[in-house]
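I opened the notebook to look up the salt bridges here. My notes follow the order in which I checked them.

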Amino acid sequence: MNDGGRPLDGCGVAVAGGSRGIGRAVVELLCALGAGVIVNGRDADPVEETVAAVTASGGCASAVVGPADDERVAGLLVDDCVRRYGRLDALINCAGIAEPPGSSILNISPGDFDRLISAHLGTVFHTCRAGARVMAAQGHGAIVNTSSVAFLGDYGGTGYPAGKGAVNALTLAIAAELKVHGVRANVVCPGARTRLSTGAEYEKHIEDLHRRGLLDEMTMQASLDSAPAAFVAPLYAYLVSDLARAVTGQIFVAAGGFVGSFDRPTPRVLGYRDHHDAQPWSIDELHTMIGAAQAAH
């Protein structure tokens with residue numbers, strides 16, 4: 001990499017879910033910054049169209065079609081990057097599917113839940129498993145996985161927030177394990193206007209969450225007026241660049257002109273007694289202690 005106008009010159013990057021929405025915006029920016037990109041998506045037409053558009057603009061890209069939560073497809077994505085560009089400098093996961101309309105723990109089917117978990121957590125697992133081995137052997141590499149603020153539960157659903165929360169945890173574990181090998185791993189929780197966040201069904205869902213008290217007025221309005229995906233893409237490009245060589249194990253948020261990060265969760269002490277010379281807490285003591293903590297916050 002270099003620090004000029006094309007800081008990703010010579011880099012090989014694999015992007016799962018790179019044919020639409022945020023993934024496509026990321027692919028376009030990476031190519032503009034000099035990277036060679038392998039574009040992956042479930043459906044052939046949008047993948048080929050993205051590759052053709054990027055190539056016509058002077059970028060370097062090729063396609064791997066298929067669901068990246070399939071071990072074989074994930075392996076092809078990584079192998080093709082190494083074969084075509086001689087290296088795997090970065091792996092970016094943008095693949096995902098929406099929660100079914102009206103889905104909740106009260107009505108979701110096991111099959112729908114499993115598909116959501118596979119599309120989000122399964123994709124990250126299979127691509128990172130294949131990519132991490134290459135990066136560790138190289139002694140360098142950057143992984144950027146896509147999550148969502150939905151992991152907090154405020155947007156309802158089941159498999160979507162569960163999958164995104166699991167992506168966060170897996171990425172932090174990967175970052176800790178691979179740091180010794182010179183490999184970084186971070187998460188982006190993006191907010192952008194895509195096919196998954198537009199349309200009457202989406203608007204109805206957001207307004208219903210507001211009505212139920214899950215989203216405040218500001219969050220509802222922001223969700224209904226998201227910026228284009230091009231506003232999110234730079235954070236992905238930064239995180240795979242050498243400028244972010246010291247950044248790993250972080251969960252970021254990007255939406256329009258807003259960029260933020262989540263603090264690492266740490267326990268807040270509610271009470272303590274030494275188990276060597278005290279009895280277990282009684283439920284009444286726990287009620288008093290936890291009730292006081294809730295009242296204070």
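I looked up Asp-69 and found it buried, at 17% relative accessibility (buried is under 20% relative accessible area, exposed over 50%, partly exposed in between, with a 1.4 Å probe and protein chains only). This is a predicted model: local features need pLDDT of at least 70, side-chain atom pairs count only at pLDDT 80 or more, and totals for chains, interfaces and linings use all residues. Residues are numbered from 1 along each chain as its sequence is written, and side-chain values use heavy atoms, with hydrogens and water left out.

Which side chain does Asp-69 meet in a salt bridge? I found Arg-42, at 3.4 Å from N to O (a salt bridge is a side-chain nitrogen of Lys or Arg within 4 Å of a carboxyl oxygen of Asp or Glu). Asp-69 sits in the loop between β3 (60-65) and α3 (71-85), and Arg-42 in the loop between β2 (36-41) and α2 (44-56), so the pair ties together parts 27 residues apart in sequence. Helices (H or I, at least four residues) and strands (E, at least two) are DSSP runs, numbered from the N terminus. Arg-42 is partly exposed, at 44%.

Next I checked Arg-129. It forms a salt bridge with Glu-71, with the closest N and O atoms 3.4 Å apart. Arg-129 is in helix α4 (residues 110-138) and Glu-71 in helix α3, so I logged a link between distant parts of the chain, 58 residues apart. Arg-129 is partly exposed at 35%. Glu-71 is partly exposed at 49%.

Then I took Arg-87, which pairs with Asp-89 in a salt bridge at 2.7 Å between the closest N and O atoms. Arg-87 is partly exposed at 30%, whereas Asp-89 is buried at 3%. I also noted one network, in which salt bridges with shared partners join Arg-24, Glu-28 and Glu-49.

My search of the whole structure gave 10 salt bridges.
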